[in-house]
Each structure stands twice: as structure tokens, then as C-alpha cells.
Amino acid sequence: MTDVSMRDLSHEERAKQERELREVWQTPSGWRYWTSVNNTEIGLWYGATAFIFMLFAGVLALLVRVQLAVPENGFLSAEVFNQAFTLHGTVMMFLFAVPVFEAVAIFLLPSMLGARELPFPRLAAFGFWSFALGGVFVCGSIFFGAAPNTGWFMYPPLATDKAYSGVGADIWLLGLSFIEVASIAAAVELIAGIMKCRAPGMRINMMPLFAWYLLIVAGMILFAFPPLIAGDILFEMERMFGWPFFDAERGGDPLLWQHLFWIFGHPEVYIVFLPAIAIMAMIVPTFAQRPIIGYSWIVLAAVGTGFLSFGLWVHHMFATGLPQISLAFFSAASEAVAIPTGVQIFVFIATLLAGRVIFSVPMLFGAGGLAIFVVGGLTGVMVALVPFDWQAHDTYFVVAHLHYVLIGGMLFPVTAGIYYYYPLINARRLSERLGKIAFWLMFAGFNVAFFPMHLAGLRGMPRRVFTYPADVGWEWFNLISTLGAFIFAAGVAVVVIDVVRPKHRQPPLEVNPWQAGTLEWISEPEETWGVRSIPIIKSRYPIWDQPGLLDDIKAGRYYLPDVQDGARETLVTSVLDARPEQCLRVGGTSIMTMVAAFSLGGVFIALTFHWWMLTLVCATLTFAAITAWLWTGTAQIPRSEVRDIGLGKSLPLYRSGPQSVGWWGMFITMAGDGTAYGSLMFGYFFYWTIHDDFTAGHAGPGMLWPLLAASLFLLAWLAMLLARRVNGSDRRWLMRAMLIFSAFLTAAGCGAGLAGPHLNAMDPTVHVYPAIVWVVAIWTAVHGALAIVMQAYCLARSLAGRMSARHDMDLQNVVLYWHFLVITAVTSFGVLGLFPAVR
Amino acid sequence: MRLIPKEIESLWTLFTAPTIWAVHFLVCYVLVAVYCEKAAAAGFTFAQMRLVLVLITLLALAGIALSAWLAWRQWGFGSGDPPHDAPTQEDRLLFQGFATLLLSGLSFVSVVFVAVPLFFIETCQP
Amino acid sequence: MSIHSERKIFGRLQVVLPFLVAGCAGRQSALDPAGQEAAEVYHLSVVMVIGGGIIWLTVIGLLTHACRRRRSAWSEEGAGRLIAWGGVAFPVIVLFALLVYTVWLMPSIRPWLGRAVAEPDRIQVIGEQFWWRVRYPAEEGLAGFETANEIRLPVGERVVFSLRADDVIHSFWIPSLGGKMDMIPGRTNVLSLLPTKTGVFRAPCAEFCGVSHAYMAFSVVVMERNAFDDWRRKQASGNRPEGSKGERLFTHHGCVGCHSVRGTTPIAGLGPDLTHFADRSTVGAGTLANTRKNIERFIRDPSAIKPGAKMPAFDMVPPGDIAAISGYLAGLR
């Protein structure tokens, strides 16, 4: 020990600290267990739920395979088959692939970064409950024959045809919007956590690669999911109220949905793939017994993939008749994205070559996954070439390709992760023998099932057919595929058995059974505090390179070994060099998150069935729950300003503005919100490009009202800036007056914004032009209304003495919200008012 | 080049080159998409537009090259080899320089890839 | 390797590969090209499959070697060089070459015929749930005509299709001739193909379009020019009234409300045109073989065979009448 020079605590002092820590971080018992917000519980529930959904979707896949085993089969009716394959894809993508990464991240990240908790534990709990409820709702629909049945990408006009798609499409749209909210919540949590909650000394060049990957993935979620949410809004408006966004007869265009869906859909593939590769990046060094070679290369690959993946979406639309030059741009970007992917694989191989490999089940799954994934990558290069894709598109070749990519690039690495990280859950290892059996069943079964599909596809078999004629030459391929699917399923079953079989007879393992080098292995499964004390990090592989680290952490020789004010605390550090900046108090166990999630779920479910009153009740409840949660859990004024965190260091307990994680949370959320808004505006201009006259002769909102609205919003924003300023100089009453003034201006701005289309009698059901104008105006007005709520909240906080000149986090964050809002409002009303005149 | 300080204390510099790629990509896509829908009303030809896009490509490549040069300078012109994993601010800066250099390389290649269609496709044909 | 021997190996592969993968040549296969685009893509596929196979073997070979217990560990420099050459340089070169080749290929297999073949001279194909409406343009004094679920083309001549849909998105795909093109409501897409071999090919709908997406296919007959001309003439003049019982019942039971047999009935456009129906190979857009028994089955209850079909069941019509109608249709040469 060199840097930890302080005296050792006496045995009694240590015991007292441990007792207090245990008490503060304890998981509630009884039914209250489910109100826990600890990252270990949330992560575990998240993962388990995602796996249950995966098994459910797997069973659907087996039904699909049985139906296709022989030609002209009558095992499933066409209607059930269509629901089964739609739900299979939907569940695997939205309820397994994405959530399982959120699960792993929430479970592992805090300890990997040497933090007690991520900055918004209640948000994580809220995300989990949203996901679980939405998932059950979507999956349950098939038992009522009401599941979505138009394929997981829901192309209109088939999916907007109510006679065909029934309530299934609404279940898809609303259920998944709800889950997307959960994903964005997780993204906010992860970005803020990785940027701001690393252990002191963990500079960005020493972050575990897992954290690098997740940082990129969370950023991608922020820009990929909102376009789909925007698309969902347009879609639901068409289904519920007949606004013709995708109806060609009234000026809409089905292609806009395809754009919005795939702007989400392609990055989604990488959102699924990168976290799984991130697990590999943790496993490979452990089993090669050496640090990774090419750390910077991995960072290059992760960042590069993150960017390039947004330039690929049209490669799902190569057959839609877009100009060849447009297709070629996307083909080029799709080829380019193979470069960073190749780099990642070679980094792993190089690391293994430079080390001495200990071969075990996690490596087996990892290597097997790579072997499968490389095939998927090579076929990916093929389908990204336009002429080849014209043939392969929407055939079983693509089915084979995407399963090679997702199962090799995601399911196998995740299974490797289960075998690798299981000791962190339960201090026991999974069976080596069962693991090997499972691997070979899965590996062989997978290839038997999916390899023939390449050939079936090239021999002309389109995807999504519920049956096929006997004389086209696909019988053998399909029969073999079905056989393989069952072998594969048997392998998965063995993994499940291995995980759930009782292990109390096995002796508990030591901490860090694989002799790994990264911090997550310091956590003790039976303790809930995460880390006993928050260490100073000096290496990428601290357990290997910092002798005595484990003992020092356990002895409480580092930061925050004790409890103060009965609060849950973790450190906030600077972005680049991880210098300690603040001791952050995070929210503890609360039922409010669950209430908020369930009532928000109620909103979405009630909307599906058009129960308007219930929608209103649930919305009010959601609003109340979220307000209660914020009121009691955020921006609390601490009893003292600073806190002694140990090692002779004191940190402030309250910070606001860009130094606070709350500010970051708001910024990140608004980046996502801004992307959704951008997607709506993309729609506006999209309609302009496809029509000679996109107004089709319909009246617009005029110039007066929109420009008035824009000016009012601008003034309201200035009033907010002023409010922040006068609050800084502690002129409380002036600040309150400015808040009220600004709220009135905002209300007037919303009114003026809606008055434009209203007074000009724009009927959104007649043509797409009035419809898109209304959507943009409503979107902006809703954000204005939200701003008024926030202003009222600040006013209430100030009156209740929970906000002051020094403790102004609420106001700071609301002003940040206003920066985004003023851009939105000026753009919206500027475009609505001026564009029809200047085009 | 002392205008831009040698050691930039920001994570954002890492994203310069890929952002240039993204902007270049979007400009190519949007310009072509709008032109091909509105060709009748446009005051210029497809060939002229291609030429403009080639010039924009050169501009983007120059921007990336500049980002690469700055990164190379921050990396000490290759004086130290990776892994840059010492717990010092200096190594953190070297790491940032090296990673930015690599990303500039990838972005450069990607911009070249995206420019390929400009040389082979001569009309708005679907 | 000389160009000559390369050709020879390539040629041999072309002969062997379809058999390797399937045993017999299919009627609906991209691996058995009978058109220019399909052939180009097929050659590209063969090259890529072989190249991809070599790359896969190399990568997996390295991986397996890396996981062996008894070997000496590589130096960090060596491993770093592997990343730079194997992970960066090689892929960049190969991907760039592939990209340049295929971007060059695109306009050569789908040339722009907008000016050469004007809209009225294109074969119009309209996707319907779940069948294909086909309209041939008028040419050289012959009238244009509508038919359904079958397209006939002269070999060796480039044809241009104008593709539309009114209900939902469908996708037009003749695997043996070339790649696909979607039919999207509100848009008209254009696709040109160049058949190079005669034969009968099957063409499925390639975009999920509803319950019976699986039962939506048409047949393509590529013929010599003079045979095609004969067929075209015959189609243009329609059928002649024969005065049979089946023909009368076809009108009596209301079939003519949706289907036309040109030359004998008034033109009705709701369902597929049935002129010269006996010349087609299938009933119900690729659902059943075109036999009298199958026509009977289909008329009695279309939805039992093809779920979601728009045609109502005619099981209230006496079986004898259905048999007569089927006989009439099966005889419409």
C-alpha cells in the first residue's frame, strides 16, 4: 500500500461502518422486496424477465419451424402463423436483445466502474417495471388471437388496415412505445453513470472496454429510438383518428414509415451486437491471461460502428425504387461498417495469440459465437451490395444472415457471459460438463437449422410464407432446418437447467474465481453495498496490477467507507480524468417508481382499447407519482454543504448546473427528445419533396399566428434566463415573478401556435399536409405545457424552501429544458409559418 | 497551427472526424434525394450536382486530414507506442490523440467509400 | 492464373454449383439464372461465396490456433501487426474492390429506359391481394390486353415493367431473371429485365402482404420471338363464344361480375382476367396446378384453399353447375 496511508480502523469501527452500510443499502424484505431499486436486484430481474421472453419467443419459433417442416402443412393456420412470426421477431428484438443488455449493464456497471450505484437508481427501477408490464401486454396478446400479425417492421398500408391487423397493431405500437421509453431511461442512466460516476483515477484511457462500448450504445439508443417513437406517433394518429400519414390516396406515403423504422432498425442491430461484444472484450483478456492488445483499436471500432450504423438504414429498402445513386451511398456505408467490425474480431484473436489461453465454457461459447458471427458478417457484406441484395432481399437468405449475426454476435456471447458472470450472482460456478453439452447442442443445432436457409433463400424461398408448394425444391432444406431448430432448442434448455438447478450443495467460491483483472470481480454477492469503499484506480486491470487492492477495499481504507445521514452515497468524478467532484446522494427504495410505471402502462393499455376515461385517470396518476418521486428524491438540500469522504478529502454534497448528474440527465433526455422532434420535421420536409405541391391546395396556418407563437416562446425563454439570473443574486420574489410571467407567455405561445391551424380550419383527416402541420404544432404545444408544469414545480420548490440561490438545481435544469424548447418552438413555428411561402 | 491548443481538454475532439463523415454522408444523400424528386424545378443538372458533391467530398477529406494531423500532434507524432495505460494525464492525452487518429483514418476511408457512387452513376435512375 | 484457365474453372463451377446445392434445377431459383441480371449476380455470388469461405477458414484457423494450449505466445508487436493487416488493410482493400465493382454493375444491369420505352409501352403489373394483374401495351396494330398471374416474354429482348399496387405493398420478383422491385401504393416503380433463356419460371410475391402472402405467385414463360408473337396475337383477339353450358352458367351464376373472358363477356375488372385460362399453369395465382378438379375445388370455397382470398365461396351453386363451369374454364385455350 502506498497511497492509502491512513491509519487502519479498529475492528469495532469497521464493524460499525459495515453494519450501517448494510442497513442503508439493504434490500427490503417481504412484498416490499419488489420496491427495491438496488442495481443488483434490478439487473437480475431485468435479465431474468428478458430471458423468459426469449424462451417464449423461442417456442414461437419452434411452432413456425414445425409448420414449415413439410410443404403444404396444416399445423398452424395462416393467421396464427403470421402472428407467431411477427411476435417472434418483435419479442426477440424489443423484449430480449435490447433489455438483456440493459440488464447486464445495470447489474455490472456500478461495480465495474467502482461505484456504489448508478446516478438514477429509481429511473432504472422505473425502466424495469415499464419493460416488464409492456412485455407481458405484448406477449399476452397472442393468447387472445390479437397479436400483431404484419411482421416486426409493421409496414403500412397493411399494418394501418384495421380490418386485417385488428387491435394487434395498436398493441405493437403502444406496447413497444412504452418499452422504448424504458430503453431511453436506461440510456440516460448509463451515459450519466459512465461519464460521471467512475472511481477516482479511472481516466478515460483506463475505463473497462465494457464501459466504452456501453457509452457508445447508450448514445446510439438516444439517436435511434426516438425516430421510431416519432413514427409510432404518426402511425397511431393514422390508426386512431385517420390522419393520413401513410395513406397514398390522401397525400401520405408508406415509405416514410420505412425510413423512420429503419433509421431506428439498423442502429438497433448494433445496439444489440456491441454490448455482447463488450462482454467478449471482458472475457477474452481473462482467459488469455493478459491485457487486451489494441485497446485504442476497440475504442475506434466502437465509436466508428456507432457513427456508421446510422448511415445504413436504406439498405433495408434497396428494392423500393429509390434512385440507384441513393442506394449506392448506403451500400458504401454498409461496406465501410464492416471495417470496424473486422477490427474487433482481430483484436480478440491478437490478444488470444499474445496470451496463454485457458480454455473453459465461456471461451467455448465466445469462440463458437465468433465462428458463427463471422459467417453472418460475410453474408452481411454480400447483402450490402445492391445487385446481390436485389436477389437476396426478403428471402430466407436474409433470415439466415440475420440469425447468424444476432445469434453468433449476441446470444452466444451473452451465454458466455452467463457462464462467466454467474459467480457474481450466486458465488457458485455453472457446470462445466452441462456447459459443454449445451454448447455443442446449440452450435451444431444452430448451423443445421440456419445454414440451409442461405440456400433455400437463393433458390427463391421468400421469408414470411406460412407454407410452400412441394415441387419447388425446398422440402429438404426446410426439414433439415426444423430438425436443427429442435437440437438448438435442446441446447438452450440445457443452459436453462444449468442456471436454475439448485446449487446449495456446491461450496461457495472465492471472490474472483476466474482471476480476472477488472473491478466488477471485487463485489461480494452476499453484500448489497456494491463496493465496501471506493478505490483509487491506477490501471486498466486494477486487480492484476494494484497489489493489495481487494484487501484495502474490504478493509474500508478508501473513499466513502462510512455512512452519513443514513443516505445512499456514491462519488461523482470528472469526465476525462475522474477527479472526485461531489459526493452524490442517490434515491433509495421507493414504491413511487412502480406506481409511475404501472400507471403509465395503464395509459398505454387504455389507449390501445380507446378507453379514454381510464387513460385520463392513469395519466393523472402517472403525473402525480412522478412528481412525488422527484419531490422527495431529487435535488435535496443537504444538512451540511461538504462531506468528509475519507483519505483526508472533503467534497460538496450539492452541485448544480453542468457539474451535476441531474443536468446531464436532462441534457441527455433532451438530446433524445430533440431527435424525435427532428424525425417529425423530417416527415414535414419528406412530404414536401415527394409532392409537386405538398399543400395540395389546402390552407396553411398562415404567417401571423405561427410567428406570434415563435416570438412568445422566445420571450418566455428570455424570462427564464432572467429568472435564473435573479435567483443567482438571491432576489427570490423577482425570480418567482419571472417564473409566473414566463408561464403566462408560454401558455399564450401554445395557444397562438394551435390557433394557426385551428382558425384556418385545417382538417387533418383530409390530407397529409394539414395532418403534419397539426402534429408539429401539437408536439410543440405539449412541450410548452410540460414547461409550464416545470415552472410551477420550480415555484413550488422555491415556496417550500427546497430551492434557493445556492441550491438551484431545479431551476438550472428547467432552463436547460428551455434551451431545447426554444429551439424546437422557433423551428416549428418558423417552418410552419414561413416555409409554405418561401418554398 | 498554434491557434488550436495542442492538448484539447475535451472528449468531443474524438468525434470530430466521424461527425465530418456523418455530415458529408447526409449532404450527399439529402441533396441527391431532393434533386431527384424535384429535378424538373432545379436550375442545375445532375452532372453539376455530382461535381459539387465531389468538391464537398474533397472538403470533407481535408477536414478529416486536419483532424488527423491535430490528433497526430497530440499523440506526439508517434513518439510513444500504445497502450497508453499509465495513470497519468499525459498518457490519457496520448490515448485520446491515438484514438482520434485511428478514427480519422476510418472516417477518411468511409468518406472515400461514400464518394464512389459519384463516379459511376450518372442519372437519377431507380 | 491466366484468364483462360480462370474462365475454365469458373465455367466448371457454374455447372457444378447448382447441383451441389440442390440436386435439380429449380423453376424458381437465383442459382439457375436465365436472365442477364440473374447471371451477373450469380457470378458475383459464386466469387463471394468462395472468397468468403477462404476468409472464414483463415479467421477460424487463426482463432483455433490461438486457443491451443501448447504454442509460443506472440509478441505484442506481432499481434499488433495482425490487427493492422488482417483487421484493417485487407478488409479495406477487398471491400473497396467489391463496392466499386457492384456500383459499376448497377447501371449496367438496370439501365435507364425512361426515354427509350415510354410509360404506355411498358408491361404494367399491378399487385393485388393476392394475385397479379398484368396489362400488355398495344403494339404494331395489335390491341393491348389484360391478363393475370402469367407473364410471357420474348427471349433476348429487354422488357420494361411498370409496377404498381393499390391495396398494400407487394414485391415483384422473378428469381431466375433478376432481382426484385417493390410495388408500393402511390408510387410507380420501373424494372427492366433481359431474359436470356427460354423456359417456364415461377415468381413469388416477395413482400409480406397479408394472410395468403404465401399463395401469391405468377408464372413467367420466356419464349422465342415468333412463338411469343403468336401468343400475343391470340391474347389480343380474346376467346370466341362457344355457346356451351359452362359458358352460360359462368354468366348465370355471376362469375362475370368480377372476371372477364375477353370476347365473350363484358369487361369486369374486379378479379383476375380469365381469357385463355387453360393456357396458364396454375389456379389461384400459383396456389394449385391448373386441372379441372382443382378449378372445381377453388370455385366451391376459395378461402379454404387460399385463406383471405377476396372471392366468396360458391358452395351454394349445385355441384353439377360448378363442374360445368370448371369444364368450360379448363377448355379455354
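This is a predicted model: local features need pLDDT of at least 70, side-chain atom pairs count only at pLDDT 80 or more; totals for chains, interfaces and linings use all residues.
**View 1. His610(A), a residue with a positive phi.** Look for His610(A) in the loop between α19 (592–608) and α20 (612–633) of chain A. Its phi is positive, about 60°, even though His610(A) is not a glycine. Is His610(A) buried or exposed? Because 11 other C-beta atoms lie within 10 Å of His610(A), this residue is exposed.

**View 2. Asp730(A), in a loop between two helices.** Here the loop to find runs between α22 (704–728) and α23 (732–759) of chain A, and Asp730(A) lies in it. Asp730(A) is not a glycine, yet it has a positive phi of about 60°. The count of other C-beta atoms within 10 Å of Asp730(A) is 11, so Asp730(A) is exposed.

**View 3. A cis peptide bond between two prolines of chain A.** Pro156(A) and Pro157(A) are joined by a cis peptide bond, with omega about 5°. To find your way, start from the loop between α4 (121–140) and α5 (162–165) of chain A, where Pro157(A) is found.

View 4. Phe130(C) sits in the loop between β1 (123–128) and β2 (131–136) of chain C.

**View 5. Where chain C touches chain A.** Chain C brings 70 residues to this contact, and chain A brings 72 residues. On the chain C side, at least two residues come from each of α1 (3–22), α2 (36–66), α3 (76–109), β7 (181–183) and β9 (199–204). Which element gives the most to this side of chain C? The answer is α3(C), with 19 residues. Sorted by class, the side of chain C that touches chain A holds 45 nonpolar, 17 polar and eight charged residues.

**View 6. Chain C on its own.** Chain C has eight helices and 12 strands. Its radius of gyration is 26 Å, well over the 20 Å that the globule rule gives for 333 residues, so chain C is more spread out than a compact globule. The C-alpha trace of chain C spans about 90 × 45 × 40 Å along its principal axes. Of the 333 residues in chain C, 43% are buried. Among contacts in chain C with a separation of 6 or more, 62% link residues 24 or more positions apart.

Note on methods:
Residues are numbered from 1 along each chain as its sequence is written. Chains are lettered from A and ligands numbered from 1 in the order in which they are written. Two residues are in contact if their C-beta atoms, placed from the backbone, lie within 7 Å. Helices (H or I, at least four residues) and strands (E, at least two) are DSSP runs, numbered from the N terminus. Ala, Val, Leu, Ile, Met, Phe, Trp, Tyr, Cys and Pro count as nonpolar, Asp, Glu, Lys and Arg as charged, and the others, Gly among them, as polar. A residue is buried if 20 or more other C-beta atoms lie within 10 Å of its own, exposed if 12 or fewer, and partly exposed in between; C-beta atoms are placed from the backbone. The radius of gyration is taken over C-alpha atoms; the globule rule is 2.2 Å times the number of residues to the power 0.38.
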